[in-house]
Amino acid sequence: DASDIEKGTYEHYMLKEIDEQPPVIRKIIQEYSNDKNELEIDSDIRQALLDVDRIYIIAAGTSYNAGLIGKEFIEKIARVHTEVFVASEFSYNMPLLSQKPLFIFISQSGETADSRAVLVQVKELGYKTLTITNVPGSTLSREADYTLLLHAGPEIAVASTKAYTAQMAVLAILAVDLARAKGSSVPFDVTQELGLVANAMETLCNEKEEMEQIAEEYLSVSRNCFFIGRAVDYYVCLEGSLKLKEISYIQAEGFAGGELKHGTIALIENRTPIIALTTQQHVNLGIRGNVQEVIARGANACIISMEGLEQINDRLVLPHVLDLFTPFVSVVPLQLIAYYAARQRGCDIDKPRNLAKSVTVE
Ligand code: G6P
């Protein structure tokens, strides 16, 4: 029962749940390990996945943002075409589907009505469905053909944190399993790399004062904030900006670095806060160029980079992990910055205005 979950010494569930992320990743490794200590998914699900020409991921909110990273994993590791849709859009404007699609519903609660509406539609069309959820026995789990569980423990704060990283971990395991099943070689040891991810997340969870200072320095007087990144960093920026707007009410948007000059740059004023993420070698110079463009227009830029790519004025350097797995690590400071920005403003962090933990109406 959710009401029995104690906050312990934590002031808010959100901070507790941010801190639970490393143990949740370790728990997922344990839950998905077979007797040979390899990570795998249920063989029925593997079989269903092997039989499709395209995967459609359907989700809402933070789960949608996890789906974007899931697409990266499935396409880069397993080389299966994957598309990601906002549930409420898909149900009213169904795209042209491939010959043999499979639908993955990502939902922390397993109760989101927008996602369920799509599930009902595609089941009627006779397609296979898989739900990735934190709640066994939830509606989306019961109604789909297959379920993969997050094992993240109850998430109480409305703003989702540990479910997001757990969703990514399960999607990574699914992608690796599918790649192996297709006979492709996976050039890394997923158990080991996810273990390193958990350690790196822990390191960042131990640097809370730093994130508190960043929130103070960049966000204390601003009404808006832009997050910029390229490639997978862009997807993490979408999640970072969602966290910030949900709990601090600062108007926040995530943008693709290269797209700034096509419009958004018009919004940059003196001291506008910009949080820039750079974790990938191939986009490092590009995003740093974007940062120069906004600094030239007066922006207050906070650069968060990956170890190995860092430069002298970067505000935070993330511990190194596998290139594909940087989202697990780069999202942690964004969650913490959002948390402290909201706390400094005296917001109701665990129950932000106008939001519900699970939205059971379309
Ligand atoms: C609500 C919550 C969000 C959540 C979204 C999807 O809007 O406020 O935090 O991301 O629903 O929820 P789900 O349970 O389907 O992941």
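Modeller: A residue counts as buried if 20 or more other C-beta atoms lie within 10 Å of its own, as exposed if 12 or fewer do, and as partly exposed in between, with the C-beta atoms placed from the backbone. The model is a predicted one, in which local features need pLDDT of at least 70 and side-chain atom pairs count only at pLDDT 80 or more, while totals for chains, interfaces and linings use all residues. Residues are numbered from 1 along each chain as its sequence is written.

The part I will look at is helix α8, residues 162-181. Helices (H or I, at least four residues) and strands (E, at least two) are DSSP runs, numbered from the N terminus. The expected span of a helix is 1.5 Å times one less than its number of residues. For the 20 residues of α8 this gives 28 Å, and the C-alpha atoms at its ends are 28 Å apart, which agrees. Most of α8 is covered, since 18 of its 20 residues are buried.

Thr165 counts as buried because 30 other C-beta atoms lie within 10 Å. Two residues are in contact if their C-beta atoms, placed from the backbone, lie within 7 Å. Leaving out residues up to four places away in sequence, Thr165 touches Gln21, Val24, Ile25, Phe328 and Val331. Pro22 is 143 residues from Thr165 along the chain, yet their C-alpha atoms are separated by 9.3 Å.

The loop between β5 (146-149) and α8 holds His151. Its phi is near 55 degrees, a positive value in a residue other than glycine. His151 is partly exposed, because it has 18 other C-beta atoms within 10 Å. Just after α8, Gly183 also takes a positive phi, of about 85 degrees. Elsewhere, Tyr249 has a phi near 65 degrees and is not a glycine either. Tyr249 is in the loop between α11 (232-248) and β7 (251-256), and it counts as partly exposed because it has 16 C-beta neighbours inside 10 Å.

Next comes the core. A nonpolar core is a set of buried Ala, Val, Leu, Ile, Met, Phe, Trp, Tyr and Cys residues joined through C-beta atoms within 7 Å. The largest such core here has 122 residues, and those with the most contacts inside it include Val170, Ala172, Ile173 and Ala175, along with Ile58. Helix α8 supplies the largest share of this core, 14 residues. Ile58 itself touches Phe85, Ala87, Phe90, Phe103, Phe105, Ser115 and Val118, again not counting residues up to four places away in sequence.

That leaves the whole protein. Its secondary structure comes to 13 helices and ten strands. Of its 362 residues, 51% count as buried. Among contacts between residues at least 6 apart in sequence, 75% join residues at least 24 apart. The C-alpha trace spans about 55 × 45 × 45 Å along its principal axes. The radius of gyration is taken over C-alpha atoms, and the globule rule is 2.2 Å times the number of residues to the power 0.38. A compact globule of 362 residues would have a value near 21 Å, and the protein has 20 Å, which agrees.
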